[in-house]
Amino acid sequence: MNSSPLITLRGITKSFPGVLANDHVDLDIYSGEVHALLGENGAGKSTLMKILYGFYRADSGKIRLNGHLIKIRSPHDARQFRIGMVFQDFILIPALSVAENIALFLSDLPAVLDKVQLNRRIGEISKRYNLQVDPDAPVWRLSVGERQKVEVLKLLLADAQILILDEPTRSLAPHEIEGLFQVFTNLRRDGYAIVFITHKLKEVLACADRITVMRCGQNADTLPAAEATEKGLISLMFGEAVIESTHRRREPPREAAQPLLELRQISTRDDVSGTSLREVNLDVFSGEIVGVAGVSGNGQRELGDVILGLESCSRGAKYLFGQDATHWSVARIRASGVAFIPEDPLGMVAFAGLTVRENMALTAMHKYARQAGLSINWESVRSDLECSLKRLGFTVSSFDIPMRFLSGGNIQRVILAREMARHPKLILAFYPTRGLDVQSAISARDLLVASRDAGSGVLLISEDLGELFSLSDRLVVLFRGRIVGTGIPQEITMNEVGYLMTGSKMENRSNG
Amino acid sequence: MPGVARFVGLLALAFFVFAIVLVIFGKNPTKAYTDIFLSTLGNTYGFSEILVKMIPLILTAIAVALPSRIWLINVGGEGQLHIGALFATWGALNFTNLPAWILLPLIFMLGFLGGGLWALISGILRAKGWASETISTLLLNYVAILLVNFFVFGPWKDPESANYPQTAEFVNAATLPAFGNSRVHLGLVFAITALIVYYFVLSRTRWGLEMRAIGNNPEAAQRNGIPIAGYIILLMFIGGGIAGLAGMSEVSAIQGRLRPGLSPGYGFTGFLISWMAGGNPLGILASAFLLAIITSGGDILQMSHGLPGSVVNILMALILFVVLARRG
Amino acid sequence: MIGSFLGGFLSGAIQSGAPLLYATLGEVIEERAGIVNLGLEGVMLIGAVVGFSTTVQTGNAVLGTLAGGLAGGLFNMVFGFLVITRRANQLASGLALMFCGVGLSALLGAPYIGSRIEGLKEIRIPFLSDLPLVGTILFQYDILVYLVVPMAMVIGWLLFNTRWGLSLRAVGENPTAAFAAGKNPYKLQYQALFIAGTLGGIAGAHLSLALAKTWAEWMTAGRGFVAVALVIFSKWHPVRAIAGAFLFGGAIALQLQMQALGVPVSPFLLDMLPYLLSLGVLAAWGGAGRRASPGSLGRVFQGTE
């Protein structure tokens, strides 16, 4: 670490309509350090780094590079200053090859592309930092971990000196995370500065040199990792003690006669995008939570689509509540008592431009339509929704505003109320707490447990191993469309699940 | 109502630019606009002719507006109109002995069926994910017009009109009655009824809500169990059928026989109207009125001012440009 | 007899296919940049009328072609303003452009309706052009036909082997990614539209200066839409477009040949062939084609705050 910072940010302020994302933030970044930017969702970490990368422009504040005042008006400028950023959703173009994606990024290439030389340059750097990929492979064929390597290679080849990574470990398995930290170590040794944004405490403590905690748009504190403790960081992140819910006592699994959901040898057709399912066998009984672990993109979406009836299977059979539901329509499946809580409610199941009331009506049209569809029983819609909201302890100000004007949390609550209004017997919960703040996440988890205790069956799909382990009664692991492992949380370890998630064999490894 | 004021302002802009175009080509825009105004709104006959033109325009506009609720872009109004006219003509020519109270409803249904089936082709192609309805309806326009030409120059050609390619004249029983001395015919009732039904379905019924849901978020609609493919096919069929009614009424009430050049681009004008009105029923009525005046203007410009009739396409395009540029 | 039919048919196919190919190549470039242009029909008409009138006024058909191309490029900029700067719906904007092209070309072309000119002359290559059959099929065309296949190659090279082409394809796939990589999607899209408009204008000029050698209202008769279908058929690849365009040129030529032979099929039914073929091709390839299409085709780039 040098004696003077490479980059200093002073007084950075940025607001968007309705929210002050960054509030006079100061930050120093040194070369040869791994600097973690820690904070909960919405704390302003991403915004701050996007300003440094030129994706946003700060309302006020100064940025200095090696002591000189600089202006960053666009990513182009940022790259001139050797600043590079890897976004959460990789900005790679799946249809193009690895080399093409990298070439897109380099500004020093001649007008006519020399593919041979480019491949050679890629080869050199990838070997040096252990980021091997095939330069001619189209990106859509790469796994998440490989795509991340491409993103880092892009930055290195573009001669970035400061590398910003936004939630880099989101979709990685435990051993891939270790590999990434190893890459950090190599880069640090060569003088690169690495800033990584995360909300995961354990990672921060494992690999960072210095930690900056952000809270509510402000820099709560910056401290060396050696001085940081988990408890101390948590209090910086939240300001007050977080109320953890009491440890759930798991009821012994009931000896139910018939599973609510039965999938037998389900396979789906091969598709260019997405992963097809292969011979999936899965049961969900009433009164249990079945957790599905797996890296996003290994068939989770397809699994949900098949169960919901959105996609048909090329082989196999699906039974719902004892009946053969393999060819049922979506409407029929929903009407039979299946609820769906998606990861992105506004995008996937809600109608942003329609009112809350209309959204409720659309859930169960067969119930609310009158006179063969000529009119709608709005009274019934209103009372059902009110009833469900009351049961869940939520309130919504008005039913007549379009959904998109509700806050994110309220949208989630309306969707939950809507789905639960019909007392579903089977609940499909997809990444239900992704993007939620801590309190909302706790509420959502409590809700799932309460439903299970009331006799429903829950299929929980999540990337958060901690969440899966604490909520599930049984676990299955999904990899490349297959169930590659099953177990009970008390008997299987997170590491084993992590290895299954990435298709590796768990042997006795010398370096873990 | 600031929205309306802004809209009128945009229209004024379009008219102004068109006036400049006229000046560039050595015509007097003031005289042109006055002529158009006087001959369309200045007397009863002119006004009744506006109503006559509005009938097919309202129908073709609904033919576009209805599918557009779920973002389908039906540019095949022209072709659907022609096939509707074709089917209606078949009925009129082959059932000359039936009384009017049977024959008229028969050719009404044939007109609807013709247009509906023609649009159904595109609807099925789109529902199966094989082809965009925009391009397929566009291409089918040309096929439809050629098909009508084939029949009119060929098997259905009236032997008594030696030099003109046209069918025999329809019998009285197959002619839609008109009101009084004007040419305003029963088709006006179809058009207004269709507009009212369109409004009602969209705002009150279950289907209207489901359609608006699809238009808002198709993925969510699917997950909620709404049969999107079914709606695609249904709306294209009904939309095409309504355009087919426009063809049927033109051929039965105005032309009295089937001949080429049956439609001066009503299908495309209907598209323009629907887009201007944003699919709003009152807007469709108002825009149809405006466009009826403009298309009449085309005839006047051709006859009295020596300009090719299709020059009004420029004005129509300008109107669409300003609407698109503003609304985005 | 067969020879003359074959010769007539194949040379007709190439002659008719060439303008289709120019238009298709233009549309390929636009769509690779993420923009669908249904107004290609209007662009071609503008090219046809400007090319024709310039040739009549100056007596120089090459100048006419260039003028037609330039006019097409500029006309397409109107479309560009709507869809790039104002972010309007591409399909509706394209149709508006078509209306405008139809009306404007009718207005500009009114004085020239029915005039006949010599237009683009055939270029004869000594010895090669005089070969029986082969000479007719391959070596008796005007300059635009000779240039069209090399043009397709050049455009293919441009798209896949240059930095500009890579940036353009990136914009068509994912403009946000391209922007994050430091490219300017707006600038690239305008450039693509200008080139596409120029090619469309040349296609139109070829129709009026070489094929018909006259001017008539709406003489493109839907070829602009056929070109849009051809883009899907050729999976957005310039070199594959060559096959498609000549195939369709063949459909157009077929009905001319059959009429010349006196085959008793109604000319109207024969005229339907190109459109039905386009439709068939769309339907057959459409589903699969969707995956090959540029990822962000038709969508609007929102930029950043």
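This is a predicted model: local features need pLDDT of at least 70, side-chain atom pairs count only at pLDDT 80 or more; totals for chains, interfaces and linings use all residues.

Q: Which way does β22(A) run against β21(A)?

A: Antiparallel: β21(A) and β22(A), residues 482-487, are joined by five bridges. Here L478(A) stands opposite I483(A) of β22(A). These strands make a hairpin with two residues between them, and R480(A) has a positive phi near 50 degrees there.

Q: Is β21(A) mostly covered or mostly open?

A: Mostly covered. Five of the six residues in β21(A), which spans 474-479, are buried.

Q: What about a whole sheet? In what order do the six strands of the open sheet in chain A come?

A: Read across it and you get β6-β7-β8-β3-β9-β10 in chain A, with mixed pairing. The edges are β6 (83-86) and β10 (218-224) of chain A; each has a single partner strand, so one side of each has no neighbour in the sheet. From one strand to the next, the twist averages 20 degrees.

Q: Which helix packs on that sheet?

A: That's α6(A), residues 174-189, touching β3 (34-38), β7 (162-166) and β8 (193-198) of chain A. The direction of α6(A) makes about 150 degrees with that of β8(A).

Q: How is chain A split into domains?

A: The domain assignment gives domain 1 (7-238), domain 2 (245-337 + 424-512) and domain 3 (351-423). The C-alpha centres of domain 1 and domain 2 of chain A are 33 Å apart.

Q: And how do I read a helix?

A: An α-helix has 3.6 residues a turn, so residues three or four places apart point the same way. Now take α12(B), residues 281-305: at 1.5 Å a residue its 25 residues should span 36 Å, and the end C-alpha atoms are 34 Å apart, which agrees.

Q: Which residues of α12(B) are buried?

A: Among them are P281(B), I284(B), A288(B), L291(B), T295(B) and L301(B). Just after α12(B), G306(B) has a positive phi of about 70 degrees.

Definitions and conventions: Residues are numbered from 1 along each chain as its sequence is written. Chains are lettered from A and ligands numbered from 1 in the order in which they are written. A residue is buried if 20 or more other C-beta atoms lie within 10 Å of its own, exposed if 12 or fewer, and partly exposed in between; C-beta atoms are placed from the backbone. Helices (H or I, at least four residues) and strands (E, at least two) are DSSP runs, numbered from the N terminus. Two strands pair if DSSP finds at least two bridges between them. Axes are lines fitted to C-alpha atoms, for helices over the stretch in contact, and angles run from 0 to 180 degrees between N-to-C directions. Two residues are in contact if their C-beta atoms, placed from the backbone, lie within 7 Å. Domain bounds come from an automatic or database domain assignment. The expected span of a helix is 1.5 Å times one less than its number of residues.
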